[in-house]
Protein chains: 2
Amino acid sequence: MQIIQTVQEMQCFSESLRNEGKKIALVPTMGFLHEGHLSLMRMGKELADVLIVSIFVNPIQFGPDEDFEDYPRDFERDKKLIESVGAACIFAPEVREIYPEGFQTSVKVAHVTQNLCGISRPTHFDGVTTVVAKLFNATRPHCAIFGEKDFQQFVAIKRMCQDLNFGIEVIGAPIVREQDGLALSSRNTYLTAEERASAVSLSQALFEAKTMFDAGERDAVNLIELAHKIIRAEKVARIDYIKVCDIDTMEDVSVISRDAVMALAVHIGKARLIDNIVLKPAD
Amino acid sequence: MQIIQTVQEMQCFSESLRNEGKKIALVPTMGFLHEGHLSLMRMGKELADVLIVSIFVNPIQFGPDEDFEDYPRDFERDKKLIESVGAACIFAPEVREIYPEGFQTSVKVAHVTQNLCGISRPTHFDGVTTVVAKLFNATRPHCAIFGEKDFQQFVAIKRMCQDLNFGIEVIGAPIVREQDGLALSSRNTYLTAEERASAVSLSQALFEAKTMFDAGERDAVNLIELAHKIIRAEKVARIDYIKVCDIDTMEDVSVISRDAVMALAVHIGKARLIDNIVLKPAD
């Protein structure tokens with residue numbers, strides 16, 4: 001397995017694979033890998049001939065008061081995990097390789113980024129779509145796989161890829177959860193034992209709302225109220241948002257008549273955790 | 001010569017050429033071709049195995065009061081000219097192919113786009129870099145050639161290409177002029193005979209400033225004042241700007257100690273014309 005640190009080397013590596021007719025899958029990550037990432041990588045291995053995994057903690061998608069510095073990193077551990085899946089290479093550039101002096105270009109997706117995390121993290125998605133555009137150009141994959149835990153991110157990247165004609169298939173992979181339901185996240189490592197116990201309320205709230213939805217409830221306000229109640233019962237939890245949105249536009253919906261996503265963000269201790277569940281009225 | 005109207009067909013065409021090991025040059029145009037465009041195409045033919053010429057009058061780079069509707073178009077004439085140069089294909093998509101319903105992504109270069117035309121045309125360069133990113137992804141060339149008449153556009157595209165790691169060589173080609181000095185532009189067609197006579201003042205102003213510069217003048221204010229005087233002598237001319245800028249940052253310079261560009265924009269009748277000249281103190 002190769003470890004590549006420069007864009008130019010990465011492009012040469014990909015170009016020669018493409019010339020051999022190989023299909024390339026990219027799994028972009030910020031490292032500190034967990035079973036969720038591994039599931040994306042295994043999907044990549046199945047869908048393509050060659051798997052590239054990128055590790056880059058992207059400074060421009062963090063706000064000034066966010067956890068860029070503290071974000072957990074463990075390259076040696078990540079390397080072993082990626083090798084175990086059978087990736088052809090890790091693309092792990094330094095920050096100055098991705099943002100050299102004079103860098104001044106951004107890629108912005110205007111609408112689907114406005115709601116949800118776009119409200120509390122106003123520069124976040126511009127940072128995400130900009131770095132993903134760069135990673136796409138550096139690795140030139142045929143497909144790229146993203147976890148649906150970051151649902152709005154997935155929608156924004158799909159939109160960006162389509163709007164800018166990258167010609168890359170953007171694939172979403174289902175959320176991987178702990179046994180008790182907590183969605184896997186590198187940020188779960190921030191939680192104390194007490195906080196970890198409270199964090200299960202996020203998925204519980206979503207599951208109970210889904211049960212209510214499956215029983216026929218179509219009024220978003222009632223689903224949201226139920227979820228609020230469950231999470232508010234945890235003293236250490238501070239809700240950023242709980243919303244029900246159209247699955248394509250990410251706009252709030254009041255009555256669920258087509259596919260929607262119930263998404264939430266909750267601060268627990270030092271961690272800001274997100275989770276979501278899809279609600280399909282036709283099912 | 002093929003005429004391709006969809007992004008998907010364009011990408012297939014390019015991909016199969018790349019797989020054959022062919023080097024591709026792109027010349028992006030808005031059509032209504034003149035000798036300036038033809039010089040870019042000939043350069044493309046020399047630099048690469050295959051030349052792709054795109055024709056697309058890009059609505060999002062025009063302001064609401066600008067000439068998108070009136071911009072001259074003559075596809076049949078363009079087609080003959082492009083064929084005469086030996087291009088492999090014309091990529092001529094419809095507006096709805098490039099901007100389908102739901103389109104919402106933009107590519108922005110922050111700094112080099114602020115001065116000069118960025119002041120009088122505040123949304124122009126976002127429109128340019130967005131469409132060029134799309135054209136790059138649609139045609140996947142190895143190099144792309146732009147005329148240096150649109151100097152700031154050339155700098156912005158070079159920056160965008162580098163910042164987003166397109167891996168495409170962006171090449172500037174010298175301005176082509178009429179015998180009397182007027183820079184070729186599709187918009188020259190807007191000029192009446194009287195206006196056409198006055199329009200020569202733009203290049204005259206630049207040439208005379210360059211003569212003054214070559215004689216040792218390094219103070220931008222004096223060069224600008226000379227140019228102003230020459231153009232103001234023409235009653236039909238209304239100056240938008242005349243500036244001397246750093247060739248990399250596009251910021252105003254007062255004393256020319258490294259490579260600079262003297263750039264101007266002047267309204268004459270219905271036309272807004274631009275022109276520029278490079279000033280190199282080391283020459």
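Author: A residue is buried if 20 or more other C-beta atoms, placed from the backbone, lie within 10 Å of its own, exposed if 12 or fewer, and partly exposed in between. Phe32(B) is partly exposed, because 19 other C-beta atoms lie within 10 Å. The model is predicted: local features need pLDDT of at least 70 and side-chain atom pairs pLDDT 80 or more, while totals for chains, interfaces and linings use all residues. Residues are numbered from 1 along each chain as its sequence is written, and chains are lettered from A and ligands numbered from 1 in the order in which they are written.

Reader: Where does Phe32(B) lie?

Author: Helices (H or I, at least four residues) and strands (E, at least two) are DSSP runs, numbered from the N terminus. Phe32(B) sits in the loop between β2 and α2 (35-47) of chain B.

Reader: What is the phi of Phe32(B)?

Author: Most residues other than glycine have a negative phi. Phe32(B) has a positive phi near 50° and is not a glycine. Arg140(B) also has a positive phi, of about 40°, without being a glycine. Arg140(B) belongs to the loop between α6 (124-139) and β6 of chain B. Arg140(B) is buried, because 23 other C-beta atoms lie within 10 Å.

Reader: Is Thr113(A) buried or exposed?

Author: Thr113(A) is buried, because 26 other C-beta atoms lie within 10 Å. Its place is the loop between β5 (105-109) and α5 (117-120) of chain A. Two residues are in contact if their C-beta atoms lie within 7 Å. Leaving out residues up to four places away in sequence, Thr113(A) touches Gly118(A), Phe125(A) and Ala156(A). Distance along the chain is another thing: Thr113(A) and Gln153(A) are 40 residues apart in sequence, but 7.9 Å apart in space from C-alpha to C-alpha.

Reader: How should I read a sheet?

Author: Strands of a sheet pair through backbone hydrogen bonds, either parallel or antiparallel. Two strands count as paired if DSSP finds at least two bridges between them. In chain B, six strands make an open sheet in the order β1-β4-β3-β2-β6-β7, with parallel pairing. Its edge strands, β1 (2-4) and β7 (169-173) of chain B, each pair on one side only. Strand β2 (residues 24-29) and strand β3 (residues 50-55) of chain B are joined by six bridges in the parallel sense. Ile24(B) has Val50(B) in β3(B) as its bridge partner.

Reader: Which strands of chain A form an open sheet with antiparallel pairing?

Author: Three strands do, in the order β8-β9-β10 of chain A. Nine bridges link β9 (residues 260-268) of chain A to β10(A), in the antiparallel sense. Val266(A) stands opposite Leu273(A) in β10(A).

Reader: And how do I place a helix against a sheet?

Author: By axes, which are lines fitted to C-alpha atoms (for helices over the stretch in contact), with angles from 0 to 180 degrees between N-to-C directions. Helix α9 (residues 220-232) of chain A lies across β8 and β9 of chain A, at about 160° to β8(A). In chain B, helix α1 (residues 7-19) lies across β1, β2, β3 and β4 (89-91), at about 130° to β1(B).

Reader: What rotation superposes chain A on chain B?

Author: Copies are superposed by least squares on the C-alpha atoms of residues with pLDDT of at least 70 in both. A rotation of 180° with 0.0 Å of shift along its axis does it, with an RMSD of 0.0 Å. That is the relation of a two-fold axis. In chain A, the C-alpha nearest the axis belongs to Val107(A), 2.3 Å from it.
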